Amino acid sequence: MTVIDLPEVHTCSVEGCSYNSDTACHAGAITVSGSQAACGTFIDIGASGGLSKMVAKVGACHRTDCRHNESLECGASSISVGPGTDAADCLTYAPA
């Protein structure tokens, strides 16, 4: 898989994340990690971050028990991030 092939973060409904603008993630790439498939890139510091024309990609997924995980990369066509158990979780996570 190349960087261009990485799945996009289709939507992000997390309020308060510095990378979220109008339900679009503007981080270069996110990392999904933790016991609840949390968005490890979530940050709430009150300042806007990222690139305005960027649509985030899923750079890494540490959830080896997800059916979309292929060698620590996400194989889903796109993902959604939103509030779950944590403030920002990968809502596309599906147990293998």
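## A buried arginine and its partner

Arg63 is buried, at a relative accessible area of 10%. Buried means under 20% relative accessible area, exposed means over 50%, and partly exposed lies in between (1.4 Å probe, protein chains only). Asp65 is partly exposed, at 33%. The side chains of Arg63 and Asp65 meet in a salt bridge, 2.7 Å from N to O. The structure holds one salt bridge, defined as a side-chain nitrogen of Lys or Arg within 4 Å of a carboxyl oxygen of Asp or Glu. Side chains of opposite charge can pair when their charged atoms come close.

## Basis of the model

This is a predicted model: local features need pLDDT of at least 70, side-chain atom pairs count only at pLDDT 80 or more, and totals for chains, interfaces and linings use all residues. Residues are numbered from 1 along each chain as its sequence is written, and side-chain values use heavy atoms, leaving out hydrogens and water.

## Strand pairing around β4

Strands here are DSSP runs (E, at least two residues), numbered from the N terminus. Two strands pair if DSSP finds at least two bridges between them. Strand β4 (residues 29-33) runs parallel to β6 (residues 57-61), with four bridges. Thr31 has Ala60 of β6 as its bridge partner.

β4 also pairs with β5 (residues 38-39), in the antiparallel sense and over two bridges. Val32 stands opposite Cys39 of β5. Four residues separate the strands of this hairpin, in which Gly34 takes a positive phi near 80°.

## The nonpolar core

A nonpolar core is a set of buried Ala, Val, Leu, Ile, Met, Phe, Trp, Tyr and Cys residues joined through side-chain atoms within 4.5 Å. The largest has 19 residues; Val9, Cys25, Ile30, Val32, Val58, Ile79 and Val81 touch the most other members. β1 (8-12), β4, β6 and β9 (78-82) each supply at least two residues of this core.

Contact means heavy atoms within 4.5 Å. Not counting residues up to four places away in sequence, Ile30 touches residues including Val9, Cys39, Val58, Ala60 and Ile79.

## Asn20 in β2

Asn20 sits in strand β2 (residues 20-21). The Asn20 side chain reaches the backbone nitrogen of Thr23 at 3.1 Å. Leaving aside neighbours within four places in sequence, Asn20 contacts Cys12, Ser13 and Val14.

## Annotated spans

The unreviewed UniProt entry annotates "domain: DUF1540" over residues 12-42 and 61-92. Such annotations may be inferred rather than shown by experiment; UniProt positions follow the numbering used here, and feature names are shortened. Residues 12-42 are 39% strand, with end C-alpha atoms 10 Å apart. Residues 61-92 are 38% strand, with end C-alpha atoms 12 Å apart.

How values were computed
A polar contact is a pair of N or O atoms within 3.5 Å; within protein, one must be able to donate a hydrogen and the other to accept it, and residues adjacent in sequence count only if both atoms are side-chain atoms.
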